[in-house]
Amino acid sequence: MITAPLRFQLSPVIVSYMLVVHGLAALAFFLPWPPYALPVALAVYVSIGLGTTVGLHRLLCHRAFACPRWVEYALVTVAMLTAQGSPLLWAANHRLHHAKADADGDVHSPVRGFWYAHMGWILNEASTEEDGWRTWCRDMADDGYYHWLLRYRIAPQVLGVLFVGLTFGWRTVPAYFFLPVVCWMQSTYAVNSVCHAAFGHRVHDTRDLSRNVWWVSVLALGEGWHNNHHAFPASARHGWVWWQWDPGWLFIRALQALGLAWDVRLPSRLRSGPAA
Ligand SMILES: [Zn+2]
Ligand SMILES: [Zn+2]
């Protein structure tokens with residue numbers, strides 16, 4: 001239940017940033033396609049996607065498994081190619097979302113409107129507290145790298161653009177970099193908007209409006225099983241039955257097989273045997 005009035009303060013910096021990155025992604029359709037544009041863009045999309053769902057979300061926000069620090073930094077750095085507000089801001093907003101989902105204090109509930117939940121809250125300077133990490137991310141409060149990323153949150157994206165431009169030529173940057181980056185940003189936004197709106201199904205009686213939406217899981221690499229996720233946020237696995245597509249979980253299994261992930265957390269019903 002949301003009763004508090006919305007404070008809205010449009011951020012000119014974020015609006016400009018969004019226009020630039022979406023414009024550069026659209027430019028891909030007006031330039032000649034570089035070689036192997038589709039597989040390269042898909043590989044970039046999946047890499048950023050796994051960095052986000054596995055690194056930023058399941059690992060950093062929920063500590064759904066443990067891994068070496070270098071694996072954590074690698075995943076989070078790849079996720080930051082989208083410049084999604086730095087890990088400390090991301091985790092603070094997300095933990096707040098779980099604590100207050102669809103109630104007063106939730107930063108991106110579609111109770112405020114579908115488009116507000118999708119992108120409006122990002123453009124709203126008043127939605128996010130810059131030092132929210134002091135309350136919500138005490139476990140990361142002493143991490144020098146995450147504080148550096150808070151200050152220079154655009155750095156991984158700038159380095160990504162420089163790498164692609166200098167290696168493959170500047171004309172390839174829209175197709176190889178900005179198109180997959182923007183597509184992934186939209187897939188992430190859909191988890192907040194679509195998976196708390198009137199799409200998909202509710203299988204768990206959680207105290208929020210979360211829903212399982214299969215096509216969001218296809219786009220967002222398993223994030224669409226959002227009602228499962230709200231029912232057991234610490235689970236490393238979001239798709240709980242065999243047909244629930246969850247590449248993020250498969251990636252964690254692969255890390256586990258390589259000895260790079262341990263203490264993997266699952267709901268008790270999944271721990272006791274094959275999911276049914
Ligand atoms: Zn949610
Ligand atoms: Zn979560």
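Author: Tryptophan 33 is partly exposed, with 47% relative accessible area. (Buried is under 20%, exposed is over 50%, and partly exposed is what falls in between, using a 1.4 Å probe and protein chains only.) Before going on, note that this is a predicted model, where local features need pLDDT of at least 70 and side-chain atom pairs count only at pLDDT 80 or more, while totals for chains, interfaces and linings use all residues. Residues are numbered from 1 along each chain as its sequence is written, chains are lettered from A and ligands numbered from 1 in the order in which they are written, and side-chain values use heavy atoms, with hydrogens and water left out.

Back to the rings. Rings of Phe, Tyr and Trp (the six-membered one for Trp) pair if their centres lie within 6.5 Å, and planes under 30 degrees apart are called stacked, over 60 edge-to-face, the rest tilted. That rule gives 15 aromatic pairs. One of them joins phenylalanine 29 to tryptophan 33: their ring centres are 5.6 Å apart with planes at 90 degrees, so the pair is edge-to-face. Phenylalanine 29 itself is exposed, at 55%. Elsewhere, ring pairs tie Tyr73, Tyr145, Tyr146, Trp148 and Tyr152 into a cluster.

Now the metals. Donors here are N, O and S atoms within 2.8 Å of the metal (3.2 Å for Na, K and Ca), and since water is not among the atoms, sites may look incomplete. For the zinc ion (ligand 1), the NE2 atoms of His97, His196, His226 and His230 do the coordinating, at 2.0 to 2.1 Å. Along the chain these donors read H-x98-H-x29-H-x3-H. Within that set, histidine 196, in the loop between helix 9 (173–193) and helix 10 (214–219), and histidine 230, in helix 11 (residues 226–231), link distant parts of the chain, 34 residues apart. (Helices are DSSP runs of H or I with at least four residues, strands are runs of E with at least two, and both are numbered from the N terminus.) Histidine 196 is buried at 3% relative accessible area, and histidine 230 is buried as well, at 9%.

The angles among the four donor atoms of the zinc ion (ligand 1) run from 97 to 150 degrees, which makes the site irregular. The cut-offs: four donors are tetrahedral if all angles lie between 85 and 135 degrees; four are square planar and six octahedral if opposite donors are over 155 degrees apart and all others between 65 and 115; anything else is irregular.

The zinc ion (ligand 2) has His57, His62, His94, His98 and His229 as protein donors, each through NE2, lying 1.9 to 2.2 Å from it. Their spacing is H-x4-H-x31-H-x3-H-x130-H. Here histidine 57 in helix 2 and histidine 229 in helix 11 link parts of the chain 172 residues apart. Both histidine 57 and histidine 229 are buried.

Arginine 63 sits in the loop between helix 2 and helix 3 (69–79) and is partly exposed at 29%. Leucine 221 also has a positive phi, about 55 degrees, again without being a glycine. Leucine 221 belongs to the loop between helix 10 and helix 11 and is buried, at 6%.

On to the open space. The search runs on a 1 Å grid over the protein atoms alone: a cavity is a set of points where a 1.4 Å probe fits but cannot get out, a pocket is an open set with protein on both sides within 12 Å along at least five of seven lines, and lining residues have an atom within 4 Å of a point. Points are joined across faces, edges and corners, and the volume is the space filled by probe spheres set on them.

The largest pocket holds about 870 Å³. Its lining has 33 residues, with Ile14, Ala83, Gln84, Gly85 and Ile122 nearest the centre. Helix 9 gives the largest share of that lining, six residues.

The second largest pocket holds about 470 Å³. Of its 23 lining residues, Leu96, Gly105, Val107, Ala126 and Ser127 are closest to the centre. Glycine 105 lies in the loop between helix 4 and helix 5 and is partly exposed, at 42%.
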